[in-house]
Amino acid sequence: MTIQATFETIASHLMEDAKPSETLEALLRNGALDAFPFSMLSRLQHVPQSPTHHPEGNVWKHTMLVVDEAAFVKASAGDPLAFMWAALLHDIGKATTTQRRKGRITSYDHDKAGAALVRRFFACLTEDADFVGRVAALVRWHMQILFVVKGLPFADVAGMKRECDPRDVARLGLCDRLGRGRADRDAEEETIARFLEVISSA
């Protein structure tokens with residue numbers, strides 16, 4: 001399968017499948033994700049995460065859960081295709097930022113690193129700069145829910161609003177939070193509601 005064919009296959013299944021993870025897992029197994037730029041995805045299976053925050057395991061496992069959650073809500077997104085690609089690529093920055101610090105696994109600034117990697121990922125796949133920009137923006141801002149709700153200094157509501165629709169950030173953020181082992185849906189939905197409440201008055 002050519003790189004372009006793999007790209008088109010992934011795109012179609014992201015939009016058409018109730019569980020895109022099934023196709024993505026099959027592509028991983030048959031080696032279709034070995035070639036660049038898809039190797040930026042396949043390497044996520046070797047990137048660990050904090051067992052406290054991500055009991056589901058490595059970044060690939062988490063990503064598959066997030067993609068399936070996103071498939072349920074994509075129809076409500078401003079750009080469903082960009083939203084689904086953002087779900088798939090939201091944590092690619094962890095491959096370059098994950099470290100062990102004093103016995104803890106961290107991935108500081110993986111959102112910013114991920115936005116840059118999104119542009120590199122799509123560079124040989126599409127010339128649609130607006131589309132790539134929409135995906136990159138969602139990846140860049142997907143951590144704002146945590147920052148805003150906890151009142152952290154990394155929160156930048158104005159910057160987020162300039163680059164993307166906060167409601168799509170909220171949708172992606174909920175999928176991200178639900179794509180973890182033992183996620184509490186009610187608690188996560190309350191967090192998203194709080195995020196939307198705070199940014200509506202910002």
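Leaving aside neighbours within four places in sequence, which residues is K74 in contact with? They are L14, M15, D17, P80, F83 and M84, where contact means heavy atoms within 4.5 Å. This is a predicted model, in which local features need pLDDT of at least 70 and side-chain atom pairs count only at pLDDT 80 or more, while totals for chains, interfaces and linings use all residues. Residues are numbered from 1 along each chain as its sequence is written, and side-chain values use heavy atoms, with hydrogens and water left out.

**K74 and its loop**

- K74 sits in the loop between α4 (59–73) and α5 (80–89); helices here are DSSP runs (H or I, at least four residues), numbered from the N terminus.
- With 12% relative accessibility, K74 counts as buried; buried means under 20% relative accessible area, exposed over 50% and partly exposed in between, using a 1.4 Å probe and protein chains only.
- The side chain of K74 reaches two backbone oxygens, that of M15 at 3.4 Å and that of A71 at 3.3 Å.
- Those distances fall under the polar contact rule: a pair of N or O atoms within 3.5 Å, where within protein one must be able to donate a hydrogen and the other to accept it, and residues adjacent in sequence count only if both atoms are side-chain atoms.
- L14 is 60 residues from K74 in sequence, and their C-alpha atoms are 9.4 Å apart in space.

**D91 and its partners**

- D91 belongs to the loop between α5 and α6 (94–97), and is buried, with a relative accessible area of 1%.
- A polar contact of 3.4 Å joins the side chain of D91 to the side chain of H142.
- Beyond residues up to four places away in sequence, D91 touches L44, Q49, V59, H62, H110 and H142.

**The nonpolar core and its rings**

- The largest nonpolar core has 58 residues, and W85 and F122 touch the most other members; such a core is a set of buried Ala, Val, Leu, Ile, Met, Phe, Trp, Tyr and Cys residues joined through side-chain atoms within 4.5 Å.
- F122 touches F7, W85, L89, F131, V132 and V135, not counting residues up to four places away in sequence.
- The count of aromatic pairs comes to eight; rings of Phe, Tyr and Trp (its six-membered ring) pair if their centres lie within 6.5 Å, with planes under 30 degrees apart counted as stacked, over 60 as edge-to-face and the rest as tilted.
- F38 and F121 form an edge-to-face pair, because their ring centres are 5.6 Å apart and their planes are at 85°.
- This pair links distant parts of the chain, 83 residues apart: F38 is in the loop between α2 (21–29) and α3 (39–42), and F121 is in helix α7 (residues 110–122).
- F38 is buried at a relative accessible area of 0%, and F121 also counts as buried, at 0% relative accessibility.
- W85 and F122 are edge-to-face too, with ring centres 5.3 Å apart and planes at 75°.
- Because W85 lies in helix α5 and F122 in helix α7, their pair ties together parts that are 37 residues apart in sequence.
- Ring pairs link F7, F38, W85, F121, F122 and F131 into a cluster.

- Helix α11 (residues 166–178) is largely enclosed by the rest of the structure, because 11 of its 13 residues are buried.
- The buried residues of α11 pack against α4, α5, α8 (129–141), α9 (144–149), α10 (157–163) and α12 (185–200).
- E188 lies in helix α12 and counts as buried at 14% relative accessibility.
- The side chains of E188 and R177 are joined by a polar contact of 3.0 Å.
- Leaving aside neighbours within four places in sequence, E188 is in contact with L174, R177 and L178.

**After α12**

- A202 is in the segment after α12, and is exposed, with a relative accessible area of 63%.
- A202 touches V157 and K161, not counting residues up to four places away in sequence.
- A202 and E25 are 177 residues apart in sequence, with their C-alpha atoms 41 Å apart in space.

Key. Helices (H or I, at least four residues) and strands (E, at least two) are DSSP runs, numbered from the N terminus.
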